[in-house]
Amino acid sequence: FWKEASDWRASFNKVSKKRRENRFLYLYDMFLNSENVSPLLVNLDSNMYAEIRKISENMEELTAKSLDGPINTMYILLGCDAFPRFRMTELYQQYVSENDQLKNDLDKAL
């Protein structure tokens with residue numbers, strides 16, 4: 001979600017209104033619609049879900065900052081728990097060991 005939503009935000013002013021609305025609705029249905037039972041549903045508080053739902057129902061204007069709350073929440077969650085644990089997995093270690101440049105870049109970034 002974090003990557004997809006960040007890409008959407010970065011391209012907001014570069015694409016047509018219709019395309020950004022369609023992409024937002026895709027992200028909403030895939031990751032944020034708490035009415036769906038999606039395995040990709042992100043864990044947000046009810047207030048944030050309510051704000052996003054208003055935007056999806058055209059009750060509030062869609063802006064480049066519409067997904068900032070969920071993006072920031074996911075970034076914090078990833079940084080605090082999930083990503084550090086993922087970096088310890090065998091799958092990640094194997095992937096990084098196959099690409100030395102990636103390992104160097106990640107070590108510098110983290």
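A residue is called buried when its relative accessible area is under 20%, exposed when this value is over 50%, and partly exposed in between. These terms guide the following walk through the structure, which is a predicted model.

Side chains of opposite charge can pair when their charged atoms come close. In this model the count comes to 4 salt bridges. One of them joins the side chains of R23 and E4, with N and O 2.0 Å apart. This pair links distant parts of the chain, since R23 belongs to helix 2 and E4 to helix 1, 19 residues apart. R23 has a relative accessible area of 29%, so it counts as partly exposed. E4 is likewise partly exposed, at 29% relative accessibility.

Another salt bridge is formed by R9 and D68, whose closest N and O atoms are 2.7 Å apart. Because R9 lies in helix 1 and D68 in helix 4 (residues 68–87), the pair ties together parts of the chain that are 59 residues apart in sequence. R9 is partly exposed, with a relative accessible area of 30%, whereas D68, at 18%, counts as buried.

A further salt bridge stays within one helix. The side chains of D7 and K3 meet at 2.9 Å, N to O. Both residues lie in helix 1 (residues 2–10), 4 residues apart, which is about one turn of the helix. D7 is partly exposed, at 38% relative accessibility.

Attention now turns to the loop between helix 2 (17–32) and helix 3, where L40 is found. L40 is partly exposed, with a relative accessible area of 41%. Leaving aside residues up to four places away in sequence, L40 touches M30 and F31. L40 and F1 are 39 residues apart in sequence, and their C-alpha atoms are 8.1 Å apart in space.

Which residues of helix 3 (residues 46–56) are buried? They are M48, Y49, I52, I55 and S56. Seen down the axis of helix 3, these buried residues fall within an arc of 120 degrees, so they line one face of the helix. The face turned away from the buried side carries the exposed residues S46 and N47.

The two ends of helix 3 complete the picture. At its start, a side-chain oxygen of D45 reaches to within 3.0 Å of the backbone nitrogen of N47. Helix 3 is followed by N58, which has a positive phi, near 60 degrees.

Notes:
Residues are numbered from 1 along each chain as its sequence is written. This is a predicted model: local features need pLDDT of at least 70, side-chain atom pairs count only at pLDDT 80 or more; totals for chains, interfaces and linings use all residues. Side-chain values use heavy atoms; hydrogens and water are left out. Buried means under 20% relative accessible area, exposed over 50%, partly exposed in between (1.4 Å probe, protein chains only). The arc is that of the directions from the helix axis to the C-beta atoms. A polar contact is a pair of N or O atoms within 3.5 Å; within protein, one must be able to donate a hydrogen and the other to accept it, and residues adjacent in sequence count only if both atoms are side-chain atoms. Contact means heavy atoms within 4.5 Å.
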